Amino acid sequence: MDIIASYGTMLVLLAAAVGFFMAYGIGANDVANAMGTSVGSKALTIKQAIIIAMIFEFAGAYLAGGEVTSTIRKGIIDAAPFADIPELMVLGMISALFAAGTWLLLASMLGWPVSTTHSIIGAIIGFALVAVGSEAIQWGKVAGIVGSWIVTPAISGFIAYLIFMSAQKLIFDTEQPLKNAKRYVPIYMGLAGFVMSLVTIKKGLKHIGINFGTVEGYSLAIGFAVIIGVIGKFVIDRMKMDPQADKQMQFNNVEKVFAILMVLTACCMAFAHGSNDVANAIGPLAAVVNIVENNGEIAKKAAIAWWILPLGGFGIVAGLAILGKKVIKTIGEGITHLTPSRGFAAELAAASTVVIASGTGLPISTTQTLVGAVLGVGMARGIAALNMGVIRNIVVSWVITLPVGAALAIVIFYVLRSAFGV
């Protein structure tokens with residue numbers, strides 16, 4: 001208890017520094033999920049993608065990142081064993097942020113898309129193991145996370161495969177792709193509007209205290225879908241396209257329509273991602289601030305100090321701008337060759353999987369969701385369309401994320417304990 005009284009301000013400053021570092025890692029690694037497909041399919045340049053992501057990620061993190069956050073991310077450890085030794089919780093959360101941020105930085109430099117959620121969870125497990133023992137860890141939750149490594153990419157890959165194959169059959173493999181695009185693309189636009197508004201309602205708005213019931217949420221999403229579909233039909237009918245053009249020219253025109261769709265889905269994904277994943281950086285930070293302010297009392301939920309959300313938002317933006325390019329390249333170009341229609345299928349599938357997961361409580365990683373979706377689109381063109389070397393590296397990086405996060409957190413935790421004499 002005495003280190004909290006003696007070094008309270010120093011602990012908060014240290015937690016703020018490593019919280020920013022973790023947010024920087026999220027920006028460098030995870031934000032590529034929202035933007036990688038748009039860049040890979042040439043719908044956006046890297047510069048445009050980074051500017052758009054900076055605006056929407058920051059808006060998501062700052063506007064919808066939450067007034068109150070769970071102090072223990074995803075309920076992965078039990079706070080009860082720390083009740084008499086809150087200083088271990090404080091040092092542990094600082095170690096976890098530093099460890100997870102370090103792993104994200106390393107993975108980003110190598111161009112590996114890893115899960116920021118799994119990085120922080122691995123780190124929290126690591127410090128809890130050595131601080132109070134394995135009884136503090138909810139092993140059922142950990143098993144669910146490990147299971148999601150297979151389930152999540154499989155679901156999003158399957159949905160992406162279906163969306164892409166339907167576009168092939170209904171539009172690209174027909175005698176009149178342009179005419180069929182005018183008929184079917186508004187339906188895809190409506191579907192995208194439905195899924196994206198659901199993602200925003202379920203993942204974004206609840207953080208700012210706007211809670212819609214299931215019926216209200218779905219009704220709103222259907223309303224948006226109809227409006228977007230009607231606007232889409234109006235815009236596409238007005239587009240100047242030569243129906244007598246050769247097939248290749250018609251294909252190019254159809255791809256231009258999908259490119260516009262991709263930019264819209266990317267904006268929504270960035271907003272939803274910012275609102276959801278900023279908690280990986282600010283949750284542990286809010287926990288430290290709360291414990292210090294309450295003289296060692298550990299609360300289940302922590303009110304967020306005014307400066308924490310902007311700190312997380314700025315960290316995400318800085319990481320994306322300075323180090324985001326490598327992971328964007330891996331997602332967009334490394335796995336398989338993407339066109340706007342393929343990229344749209346992948347992004348819509350990823351967003352659909354996020355909606356399914358939030359409805360069923362499935363633990364999910366946006367990274368694994370999107371990589372699975374890109375794989376699904378690649379599989380639709382046959383195994384030869386996939387870069388197996390890149391895929392192998394990605395899978396290995398997923399598997400080692402939890403243990404690496406845990407190992408780094410244990411080392412940093414011991415260093416901090418000896419530094420503060422706990």
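Me: What is F127 in contact with, leaving aside its neighbours within four places in sequence?

Reply: In this predicted model, the partners of F127 are I77, F82, L88, M89, G92, M93, A96, A409, I410 and F413. Contact here takes heavy atoms within 4.5 Å.

Me: What makes F127 count as buried?

Reply: Buried requires under 20% relative accessible area. F127 has 0% relative accessibility, so F127 counts as buried. F82, one of its partners, is also at 0% and therefore counts as buried too.

Me: Why is the pair of F82 and F127 called tilted?

Reply: Happy to go through that one! A pair of aromatic rings is described by the distance of the centres and the angle of the planes. Rings pair if their centres lie within 6.5 Å, and the centres of F82 and F127 are 5.9 Å apart. Planes under 30 degrees apart would be stacked and over 60 edge-to-face; these planes stand at 55 degrees, so the pair is tilted.

Me: Which parts of the chain does this pair tie together?

Reply: F82 sits in the loop between β1 (68-70) and α4, while F127 belongs to helix α5 (residues 116-131), so the pair ties together parts that are 45 residues apart in sequence.

Me: How many aromatic pairs are there, and which residues do ring pairs link into a cluster?

Reply: The count comes to 13 aromatic pairs. The cluster consists of F172, Y188, F251, F258 and F344.

Me: Which residues have the most contacts inside the largest nonpolar core?

Reply: They are M35, F82, F127, V185 and F258, in a core of 130 residues. Helix α4 (residues 86-110) gives the largest share of this core, with 13 residues. There is also a second, separate core of five residues, with Y24, L105, A318 and L323 among them.

Me: How do you know that N29 is buried, and where does N29 lie?

Reply: N29 lies in helix α1 (residues 2-29). Its relative accessible area is 0%, and the cut-off for buried is under 20%, so N29 is buried. A polar atom of the N29 side chain lies 2.8 Å from the backbone oxygen of W112, and a polar contact needs N or O atoms within 3.5 Å. Contacts of N29 beyond its sequence neighbours include L104, A107, S108, P113 and V327.

Me: What makes the radius of gyration agree with that of a compact globule?

Reply: For 422 residues, a compact globule would have a value near 22 Å; the protein chain has 22 Å, so the two agree. Of these residues, 58% count as buried.

Notes: Residues are numbered from 1 along each chain as its sequence is written. This is a predicted model: local features need pLDDT of at least 70, side-chain atom pairs count only at pLDDT 80 or more; totals for chains, interfaces and linings use all residues. Side-chain values use heavy atoms; hydrogens and water are left out. A nonpolar core is a set of buried Ala, Val, Leu, Ile, Met, Phe, Trp, Tyr and Cys residues joined through side-chain atoms within 4.5 Å. Buried means under 20% relative accessible area, exposed over 50%, partly exposed in between (1.4 Å probe, protein chains only). Helices (H or I, at least four residues) and strands (E, at least two) are DSSP runs, numbered from the N terminus. Rings of Phe, Tyr and Trp (its six-membered ring) pair if their centres lie within 6.5 Å; planes under 30 degrees apart count as stacked, over 60 as edge-to-face and the rest as tilted. A polar contact is a pair of N or O atoms within 3.5 Å; within protein, one must be able to donate a hydrogen and the other to accept it, and residues adjacent in sequence count only if both atoms are side-chain atoms. The radius of gyration is taken over C-alpha atoms; the globule rule is 2.2 Å times the number of residues to the power 0.38.
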